[in-house]
Amino acid sequence: MPHTMRRGLAAATAVLLGATALTACGSSDSGDGAAAGSGPVSLTYWAWAPGMDKVVALWNAEHPDIKVTVQKQASGDDLVTKIITAAKAHKAPDLVQAEYQALPTLVSNDALADIAPEVGGVQDEFAPGVWQQTTFGGEAVYALPQDSGPLMFFYRQDLFTKYGLSVPTTWGEFAATARDLKKKKSPKQSLTTFSANDSGLFAGLAQQAGARWWTFEGDTWKVGIDDAATRKVSDFWGGLVAEGAIDNQPMYTPSWNKAMNTGEQLAWVSAVWAPGTLTTAAPDTKGKWAMAPLPQWTEGGSSTGSWGGSSTAVTTDSKHKKAAAQFATWLNTDPVALAALVKESGIYPAATAAQTSGALAKAPDYFADQPDFYTRAAEIAKTTAPAAWGPNVNVAYTAFKDEFGKAAKARSGFDTALTAVQSATVTDLKKQGFEVAR
């Protein structure tokens with residue numbers, strides 16, 4: 001983030017938060033006992049990923065001069081609020097696990113340090129679209145990518161064969177396949193559903209289409225949720241729902257689990273972590289699914305969005321920024337650490353080298369018939385499009401669930417729903433005291 005953007009971001013936030021101007025995003029004291037040879041350093045790490053204490057134990061065993069203690073936290077908005085509250089009281093931990101979409105909010109609250117000087121050369125370990133989410137496209141580095149969720153297309157290969165369906169490579173083919181199944185092959189079944197309770201999935205689909213929901217210039221935010229790229233996505237899915245070509249029910253409900261388990265739905269647009277969900281939701285269909293790249297908007301294209309993912313950030317309160325950055329680098333780039341994260345925390349690492357090695361060298365048991373699962377997933381992950389997050393993602397996501405929930409139920413009104421989400425997001429930014437471009 002360029003200096004002018006960083007300064008403007010802080011100035012806008014100060015209206016609401018009473019924060020000091022974010023003229024420098026580094027820690028006020030970056031001295032490090034271990035680095036300076038003056039004694040051991042103790043770091044505190046707030047994280048929610050399961051098994052993180054076991055991963056950190058590997059670090060502690062090899063680095064007696066820098067001890068890291070994990071304090072397990074809740075994830076999502078609750079953790080963001082807790083971090084901001086702690087930062088305002090100057091009692092934040094040294095490190096935090098933060099979702100990518102939360103980073104602008106934490107930076108605007110002067111909660112995260114710029115660790116660019118401490119992590120030089122690390123950028124090449126990650127796909128450009130993932131790295132961009134921790135830098136906002138600038139030179140400052142506010143976190144290191146930890147895990148990612150590239151979007152893919154999952155389908156019942158046995159049912160595709162039964163009904164003579166081809167795996168769609170474009171969204172046009174996707175729509176044609178949905179219509180062919182519903183109107184000709186098997187009216188009681190659907191290719192998939194549009195789930196209005198999954199804001200992150202919709203955001204990832206818009207990301208693939210080229211949307212940039214928040215951008216920042218000077219002292220002003222611009223909200224582009226109702227941009228042409230997102231409207232294309234909204235119109236596409238809304239059109240399929242309106243004509244009855246796909247279902248309109250939310251995911252992760254007992255009825256959705258049943259539909260996935262019995263074959264009432266043949267496909268699922270999801271992320272790389274889908275095998276774990278399917279194992280629980282559709283246990284009777286193990287070995288019957290396959291994965292393919294996400295359909296493209298243009299034939300021959302190669303781009304995907306992301307759904308989920310988190311990073312490791314160093315706080316401005318840390319008195320040991322260099323040591324904290326050293327640990328964050330190890331956690332997210334070292335082969336031993338990454339293998340442990342996969343095994344103990346069940347994550348899909350953001351570091352590209354780890355996506356086909358160690359615990360990911362073998363396909364998930366649920367996809368045992370697709371031995372190249374993670375090899376293909378790694379190639380897809382490299383094509384992750386950049387994402388643009390802002391300081392009130394939670395408001396936009398809530399508005400999406402409300403407005404698109406009504407539209408999905410009515411099978412109409414997707415265009416007005418998108419406009420309403422845009423309006424709610426802009427209104428909230430202005431209410432918080434941010435300058436917003438018209």
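A nonpolar core is a set of buried Ala, Val, Leu, Ile, Met, Phe, Trp, Tyr and Cys residues joined through side-chain atoms within 4.5 Å, where buried stands for a relative accessible area under 20%, exposed for over 50% and partly exposed for what lies in between (1.4 Å probe, protein chains only). The model you are looking at is predicted, so local features need pLDDT of at least 70 and side-chain atom pairs count only at pLDDT 80 or more, while totals for chains, interfaces and linings use all residues. Residues are numbered from 1 along each chain as its sequence is written, and side-chain values use heavy atoms, with hydrogens and water left out.

Helices here are DSSP runs of H or I with at least four residues, strands are runs of E with at least two, and both are numbered from the N terminus. In soluble globular proteins, nonpolar side chains tend to be buried together.

Now look at Phe 404. Setting aside residues up to four places away in sequence, Phe 404 touches Phe 194, Ala 196, Phe 202, Ser 234, Ala 399, Phe 414, Ala 417, Leu 418 and Val 421, a contact being heavy atoms within 4.5 Å.

Helix α9 (residues 199-208) packs against α16 at an angle of about 100°, with the axes 9 Å apart; axes are lines fitted to C-alpha atoms, for helices over the stretch in contact, and angles run from 0 to 180 degrees between N-to-C directions. This makes α9 roughly perpendicular to α16, on a scale where under 35 degrees is roughly parallel, over 145 roughly antiparallel, 65 to 115 roughly perpendicular and the rest oblique. Ser 199, Gly 200, Phe 202 and Ala 203 of α9 meet Tyr 397, Phe 400, Lys 401 and Phe 404 of α16. By class, this contact of α9 with α16 has five nonpolar, two polar and one charged residues; Ala, Val, Leu, Ile, Met, Phe, Trp, Tyr, Cys and Pro count as nonpolar, Asp, Glu, Lys and Arg as charged, and the others, Gly among them, as polar.

Another pair is α3 (residues 52-62) and α14 (residues 335-345), whose axes come within 8 Å and cross at roughly 160°. That makes α3 roughly antiparallel to α14. On the α3 side, Met 52, Lys 54, Val 55 and Leu 58 take part, and they meet Val 336, Ala 337, Ala 340, Leu 341, Glu 344 and Ser 345 in α14. Seven of the residues in this contact are nonpolar, one is polar and two are charged.

Thr 105 sits in helix α5 (residues 103-108) and is buried, at 14% relative accessible area. Beyond its neighbours within four places in sequence, Thr 105 is in contact with Val 80, Ile 84, Gly 390, Pro 391 and Asn 392. Tyr 163, in the loop between α7 (157-162) and α8 (171-185), is buried as well, with a relative accessible area of 15%. Tyr 163 and Asp 180 lie 17 residues apart in sequence and 9.4 Å apart in space, C-alpha to C-alpha.

Finally, turn to His 90, in the loop between α4 (77-88) and β3 (95-99). His 90 is exposed, at 64% relative accessibility, and has a positive phi near 60° although it is a residue other than glycine.
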